[in-house]
Amino acid sequence: MAENTAQNQEEVKTSKFGLQEQHTVEGVEYTFQFPGVKSTIELLDRSRNGFNNVVDSAYYTEIMEHVIVSPRTNWEYWDKHDGLREVMHLADNFLGRQL
């Protein structure tokens, strides 16, 4: 009887919004934060060209603005730090696992 009761109860899901993950690249710890499902889809939409291809410069800008919360990064930051592609790959993977 207890098994049927447990099966009938809905599993309580928690929001992924604000979920964080840390990765260290080239000695710097980066913190990624999930901006939410709709915001992630919108940032992907803003990163595509007229042929529906993702434009790296636009996508990376979106990641820097909406996903990497620490340290704050921009294009000038990457002129002085190594690991751009690795950090962006990790951030992209992080977003994809939340969708």
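**Figure 1. Glutamate 26 in the loop between E1 and E2.** In this predicted model, glutamate 26 has a relative accessibility of 57% and therefore counts as exposed, the cut-off being over 50%. Its phi is near 50°, a positive value in a residue other than glycine. Most residues other than glycine have a negative phi. The loop that holds glutamate 26 lies between strands E1 and E2, which run antiparallel and are joined by 6 bridges.

**Figure 2. Asparagine 52 in the loop between H2 and H3.** Asparagine 52 likewise belongs to a loop, here the one between helices H2 and H3. The phi of asparagine 52 is near 70°, which is positive although the residue is not glycine. With a relative accessible area of 52%, asparagine 52 is exposed.

**Figure 3. The open sheet of 3 strands.** The strands follow the order E1-E2-E3, and their pairing is antiparallel. Strand E1 (20-25) and strand E3 (68-70) stand at the edges; each has a single partner strand, so one side of each is left without a neighbour in the sheet. From one strand to the next, the twist averages 40°. Strand E2 comprises residues 28-33, and within E2 tyrosine 30 is the bridge partner of histidine 23. Helix H5 lies across E1, E2 and E3, and runs at about 160° to E1.

Figure 4. The structure holds 5 aromatic pairs. One of them is formed by tyrosine 30 and tryptophan 78, whose rings are stacked, with 5.8 Å centre to centre and 20° between the planes. Phenylalanine 32 and phenylalanine 94 are both buried. Tyr30 and Trp78 also belong, together with Tyr77, to one aromatic cluster.

**Figure 5. Packing of helix H3 against helix H5.** Helix H3 (residues 56-66) and helix H5 (residues 84-98) pack at an angle of about 70°, and their axes are 11 Å apart. The two helices are therefore roughly perpendicular to each other. On the H3 side, the contact is made by Asp56, Tyr59, Tyr60, Ile63 and Met64; H5 contributes Leu84, Arg85, Met88, Ala91, Asp92 and Leu95. Of the residues in this contact, 8 are nonpolar, 3 are charged and none is polar. The buried residues of H3 are Tyr59, Tyr60, Glu62, Ile63 and Met64. Their cover includes helix H2 (37-46), E3, H4 and H5.

**Figure 6. The cis peptide bond between serine 70 and proline 71.** The bond that joins serine 70 to proline 71 is cis, with omega about -15°. Most peptide bonds are trans. Proline 71 is located in the loop between E3 and H4.

Conventions. Residues numbered from 1 in each chain as written. Predicted model: local features only at pLDDT ≥ 70, side-chain atom pairs only at ≥ 80, totals over all residues. Heavy atoms only, no water. Axes fitted to C-alpha atoms, helices over the stretch in contact; angles between N-to-C directions. Helix = DSSP H or I, 4+ residues; strand = E, 2+ residues; numbered from the N terminus. Parallel < 35°, antiparallel > 145°, perpendicular 65-115°, else oblique. Contact = heavy atoms within 4.5 Å. Nonpolar A, V, L, I, M, F, W, Y, C, P; charged D, E, K, R; others polar. Pairing = 2+ DSSP bridges. Phe/Tyr/Trp six-rings, centres within 6.5 Å; stacked < 30°, edge-to-face > 60°. Buried < 20%, exposed > 50% of the residue type's maximum accessible area, 1.4 Å probe, protein only.
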